[in-house]
Amino acid sequence: MVNLVAAQKPMLHGLMKMAGVVPHTVEIEPGTTMNFWVPKDTLKKPKNYQNGYTGADKAKKPKKNKPVVVLVHGFASEGIVTWQFQVGALTKKYRVYVPDLLFFGGSISDNPDRSPRFQAECLSKGLRKLGVERCTLVGFSYGGMVAFKLAELYPDLVRALVISGSILAMTDSISTTTLNELGFSSSSELLLPTSVKDLRALLKVAAHKKLWFPDKLHKDFLEVMFNNRKERGELLEGLVVSNKDATIPNFQQRIHLLWGENDQIFKRELAQNMKEQLGEKATFEGIKKAGHLVHLERPCVYNRCLKKFLASLTPEESLN
C-alpha cells in the first residue's frame, strides 16, 4: 500500500524548487555529511549538467544583494517539512537555506558526539562551505537550541536570531518540570513516538487546536519521519545539562522570541523569563490561538511577524 506521506514528498520538493531552493549535500568532514536546501543560483552547474542538482554541484559564494536566512528545524521532522509554509514567503527578498540537522533528512555522521554544540559546529562548517558569511537564524524547538549555540560560538556568522518554542538549554529542572506537566516519563517517550497512540499524544500537546488525521496517515508519518531512532535517542540524551553547568551567554545579536501563546511544551512564561535573562537585545512577540507548532498552525501570522523583524534589521545586521 502506498505511503501517503512519502507520496507527498515529490510534490513538496517541487514546491521548494518553484520557490527557488534545491537540495545539495555538503561533506562537513570525513564520515559526516549534511543535506541543505539552498538557493539554486548559488550552485555552479557541472560540465555534464543535464537536469537537477546533486551533491556533485559546487557551491559558489552568494551574491550580496539579498540577506541570508537559515531555517533550522525541530525534532519531529526534517527541514522543508517543518518550514514548508515559510520558504516560499521569504525567497523573494532573502536567500533561504534549510539544513537537515544530523540524523534528519539525509544528514548522517559517524562521529559519536550528539551534543547541540556538535550540531552547531557542523552547521557552521556547512554554511561556510556554501559561501555564507553572515546570516539570520530562525530556529524552532530543538533547532532553536542549536541556533542559540551557533550564535554563541560564531557571532561573526550569526547576525540575528528568531527563536520559536525553544530555550537556551535543556536543564535538569526544565526537563523534569516540563515532562511532569505534560505527563510523559522521558523526552524519548514524548518526541520519539512508536505507535499511533504515541503520535496522537505528541500532536495533542504540540498543537493548540485539536488535529484529526486517520490512523493510516499517522502510521505513514511514523514510518517516514522517525528513522535513525537510536541516534535521535542519543541526541535527546545529549541535550540535557545539569543546572549547575547552565550559563547564559552574552549574546551580541538581536534575538526575537516569536511564540505561540498557547505553547504547552515551552510555555509563554518560560519565554518571557528567558527574554529578561537575555537582556535588552531580546524582544518577545506572542501569536494568539497557536501552540508549539505556531509556524504550522498560523503560518500567515507567523510569516508576517517574521518578515517584520527581518525587515527591521539594518544592512549591517542582515547582509553578508
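**Surroundings of Glu-78**

Me: Which residues is Glu-78 in contact with, leaving aside its neighbours within four places in sequence?
Reply: Contact means heavy atoms within 4.5 Å. With neighbours within four places in sequence left aside, the residues in contact with Glu-78 are Lys-9, His-73, Asp-100, Gly-105 and Met-225.
This is a predicted model, in which local features need pLDDT of at least 70 and side-chain atom pairs count only at pLDDT 80 or more, while totals for chains, interfaces and linings use all residues. Residues are numbered from 1 along each chain as its sequence is written, and side-chain values use heavy atoms, with hydrogens and water left out.

Me: Is Glu-78 buried or exposed?
Reply: Glu-78 sits in the loop between strand S5 (68-72) and helix H2 (79-82); helices (H or I, at least four residues) and strands (E, at least two) are DSSP runs, numbered from the N terminus. Buried means under 20% relative accessible area, exposed over 50%, and partly exposed in between (1.4 Å probe, protein chains only). The relative accessible area of Glu-78 is 12%, so this residue is buried.

**Strand S6**

Me: Why is strand S6 (residues 95-100) described as largely enclosed by the rest of the structure?
Reply: On one side of S6, Arg-95, Tyr-97 and Pro-99 are buried, and on the other Val-96, Val-98 and Asp-100 are buried. Strand S6 is largely enclosed because its buried residues number six of the six.

Me: Which residue is the bridge partner of Phe-36 in S6?
Reply: Two strands pair if DSSP finds at least two bridges between them. Strand S2 (residues 32-39) and S6 run antiparallel and are joined by three bridges. In S6, Phe-36 has as its bridge partner Pro-99.

Me: How many residues apart in sequence are the parts that the pair of Phe-75 and Tyr-142 ties together?
Reply: Rings of Phe, Tyr and Trp (its six-membered ring) pair if their centres lie within 6.5 Å; planes under 30 degrees apart count as stacked, over 60 as edge-to-face and the rest as tilted. The count by this rule is five aromatic pairs. Phe-75 and Tyr-142 form an edge-to-face pair, at 5.4 Å centre to centre and 90° between the planes. Phe-75 is in the loop between S5 and H2 and Tyr-142 in helix H5 (residues 142-153), so the distance in sequence is 67 residues.
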